[in-house]
Amino acid sequence: MKTLILATALTALSFTAIAEDKPSDKTASCKKISDLAGRYMDLRQSGVPMADIYHTANGDSLIQLMIEQAYEVGRYNTKKYSDAEIVKFKNWWFLSCIKSK
């Protein structure tokens, strides 16, 4: 699981360069960012300690911020609320990405 997150994070790092090309490229890049955010929030909602995943950011400040924000959100005990929080977090990251530049 950690390897998958790391691979996704590395893919997402190309966001800045790709986002400046075409709107469709930016949308695809923002989708990758959103998906990564969803994975981190899913880990948070599953009870994985932040210390166990923080290193997957490899020093990238955007990914570190994503992890920090995920862990600033409360953890929910029911699947319904946990899933809703994951969607909300993904949407926030997608919207922020689309609005950038």
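**The α3/α6 pair**

Analyst: In this predicted model, α3 and α6 pack with their axes 8 Å apart, at an angle of about 150°. Angles over 145 degrees count as roughly antiparallel, so α3 and α6 are roughly antiparallel to each other. The crossing of α3 past α6 is right-handed.

Now the residues. On the α3 side, the contact is made by Lys-26, Thr-27, Cys-30, Lys-31, Ile-33, Ser-34, Asp-35, Ala-37, Gly-38, Met-41, Asp-42 and Gln-45. On the α6 side, it is made by Ser-82, Glu-85, Ile-86, Phe-89, Lys-90, Trp-93, Phe-94, Cys-97, Ile-98 and Lys-99.

Gln-45 lies in helix α3. Its relative accessibility is 5%. Buried means under 20%, so Gln-45 counts as buried. The Gln-45 side chain reaches the backbone nitrogen of Tyr-76 at 2.8 Å. Leaving out residues up to four places away in sequence, Gln-45 touches Val-73, Gly-74, Arg-75, Tyr-76, Ser-82, Glu-85 and Ile-86. Among these, Ser-82, Glu-85 and Ile-86 also belong to the α6 side of the helix contact.

Next, the core. The largest nonpolar core has 17 residues. Within it, Tyr-40, Met-66, Ile-67 and Phe-89 touch the most other members. Two or more residues each come from α3 (23-45), α5 (61-72) and α6 (79-99). The biggest share is from α3, which gives six residues. As a general point, nonpolar side chains tend to be buried together in soluble globular proteins.

Glu-72 sits in helix α5. Its relative accessible area is 67%. Exposed means over 50%, so Glu-72 is exposed. The C-alpha atoms of Glu-72 and Arg-44 are separated by 9.5 Å. Along the chain, Glu-72 and Arg-44 are 28 residues apart.

Finally, the whole chain. The protein chain has six helices and zero strands. Read along the sequence, the pattern is α-α-α-α-α-α. Of its 101 residues, 34% count as buried. Take the contacts between residues at least 6 apart in sequence: 70% of them join residues at least 24 apart.

Methods. Residues are numbered from 1 along each chain as its sequence is written. This is a predicted model: local features need pLDDT of at least 70, side-chain atom pairs count only at pLDDT 80 or more; totals for chains, interfaces and linings use all residues. Side-chain values use heavy atoms; hydrogens and water are left out. A nonpolar core is a set of buried Ala, Val, Leu, Ile, Met, Phe, Trp, Tyr and Cys residues joined through side-chain atoms within 4.5 Å. Buried means under 20% relative accessible area, exposed over 50%, partly exposed in between (1.4 Å probe, protein chains only). Helices (H or I, at least four residues) and strands (E, at least two) are DSSP runs, numbered from the N terminus. A polar contact is a pair of N or O atoms within 3.5 Å; within protein, one must be able to donate a hydrogen and the other to accept it, and residues adjacent in sequence count only if both atoms are side-chain atoms. Contact means heavy atoms within 4.5 Å. Axes are lines fitted to C-alpha atoms, for helices over the stretch in contact, and angles run from 0 to 180 degrees between N-to-C directions. Angles under 35 degrees count as roughly parallel, over 145 as roughly antiparallel, 65 to 115 as roughly perpendicular and the rest as oblique. A crossing is left-handed if the near helix is turned anticlockwise from the far one by less than a right angle, and right-handed if clockwise.
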